[in-house]
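Hi,

Here is the structure I said I would pass on.

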Amino acid sequence: MSVLSSTSKERPISGVGIGLRSQHTHEILTTLPDIDWLELLADNHLADGGQSVDQLDAIAQHYPLTLHCVGMSLASVEPLDLAYCQRIKRLAKRVNASWISEHLCFSAALGVYSHDLLPIPYNQETLAHCVQRVLHIQEILGERLLVENVSSYMTFQNSDMSEIEFICALAEQADCGLLIDVNNIYVNHLNHGLDGEAYIDQLPIDRVQEVHLAGYQQQENFVLDAHNNPVSEPVWALYQRLIERQPNLPTLIEWDNDIPPLQILLDEVQKARHIIQRVKEAKT
Amino acid sequence: MKLQSMQEVFIKQLSQFKSDAAFLNQLSPTQSLQPEQQIEIYQNNVRGALQGCLAQIYPVCCTILGEPYFKQLAKDYIQQHPSRQPDLNGYGGEFSAFISKQCQQRSELFDFFYLGDLAQLEWLYHAVYYAASPTVFDFDVFAQLSESQQASTVFQLAPCFEFMVSDYPIVSIWQLNRLNTTEQHSVPSHVERAGIFRQAYQISIFELEEADVQALSLIKAGKTLQALVQANLDHSLPEFIQKGWLVGIRQ
């Protein structure tokens, strides 16, 4: 394995967490609900000050934290934004983040940022580029990055690898960790016919360090990875299949739009915990 | 199409909301989406995210114009000003200048001539929200300086304090619309000077006196205490410090 440190040894992550959103921060700080860990959308906390920055110190005292990024533009051919990577590194140090994750996509070209997770063709040219890019980022961060599979609404003719083949090769060649978003697998199943169960079965499970669960939104002729609904039953089923391979995977409930009361997210946390418990009991 | 070309053509289509025939030829239809529909999904995502960002930064402008018109204006802005930084919180800084221009060019906006200044006020509010928290002014440091050193002292404004001057009553307009009490149909033309300050987590917008703005302008321009005294603009300094608008000194 790599000489890179994989995660912070001081605050190991386990169990089920939620993505911290500003609508819930005050309630979490005042009630300290039973959540195993929290994930920060790093890009929302890069400012010099303000409430969100100041509250982080208090949050970090009570919960282990991880950082989830959207701005590295991992697959972009543009030069890496070194200043952005350094800001992420400083934030990770400040909150003692256990690890940092980013999406397998590009978001910027020609100096223009889309603020969206744009898809890439899965072929050798893209793979070689992404491997070098992840290696460079890991060198800057001084730790192993977790790369997340994304939902996609586009199919490139010059893709000659499947998504799972690409991810396995990337993880191996860049020696990175994986963050597996089960909802994204299911969205890609519905939009592209991807075999979700086969995908789960082929994952290099030792490299999977985190799982994301979220809800999608049905559109007229496709499904949108909108993160605005409860986790769907088919996604819970795929999650159980993944947990059966490795019951101790840290799991996160993500909800980014039409954000509901905190209790709704805590209910989703309990559902994930029950599945983990059930799988563990079945194994013993 | 090589990876670099693909990404460049892809991103151009997103900011211009047009599709590129050569790019579409590189795509395969899925079971339910034709290539044109595939790129449209990303165009809608990007437009929606940036429109939402602008509506969040400029809520009073949005209220005054109404959401449908504001969204159309935002779409035009996005086409002319694609995002050029990874941090979405930094997007939208040129909206004030854009909207000022639109108010001169579009007949339906002639009555909203004050909107550019109002947008500037909202941008400063946004900047103050994310600015670093202020430190407390250290009187001891100042007291230990010799008289000549004190004269050459330059005061530092708190990063979470901003001010601006408008030919229009923007503070009044902002307050009225922020409280959703009325719409502005007729705006008298008189100067208002706005101060924006964040104390703890509370941001306030308030009117400043003309002399205060003159003093604050000199401080912002890096003028010394001696220059403030010579301009007879030093009398408000204790009040500025007490309110937390000044946080330090430099020689």
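Below is what I found, going chain by chain and then to the place where the chains meet.

Keep in mind that this is a predicted model.

Let's begin with chain A. The thing to look for there is a closed barrel of eight strands, with parallel pairing. If you want to trace the barrel, the order is β1-β2-β3-β4-β7-β8-β9-β12. On average, neighbouring strands of this sheet are turned by 30° against each other, ignoring direction.

Now for chain B. This chain splits into two domains, with domain 1 covering 1–113 and domain 2 covering 132–251. Take the C-alpha centres of domain 1 of chain B and domain 2 of chain B, and you get 36 Å between them.

Finally, the two chains together. On the chain B side, 39 residues are in contact with 38 residues of chain A. Which helices of chain B each supply at least two residues to the side that touches chain A? They are α1 (3–16), α3 (35–57) and α7 (115–130). Of these, α1(B) gives the largest share, with nine residues. As for the make-up of the side of chain B that touches chain A, you will find 21 nonpolar residues, 14 polar ones and four charged ones.

Cheers

Key. Residues numbered from 1 in each chain as written. Chains lettered and ligands numbered in written order. Predicted model: local features only at pLDDT ≥ 70, side-chain atom pairs only at ≥ 80, totals over all residues. Domains from an automatic or database assignment. Contact = placed C-beta atoms within 7 Å. Helix = DSSP H or I, 4+ residues; strand = E, 2+ residues; numbered from the N terminus. Nonpolar A, V, L, I, M, F, W, Y, C, P; charged D, E, K, R; others polar. Pairing = 2+ DSSP bridges. Axes fitted to C-alpha atoms, helices over the stretch in contact; angles between N-to-C directions.
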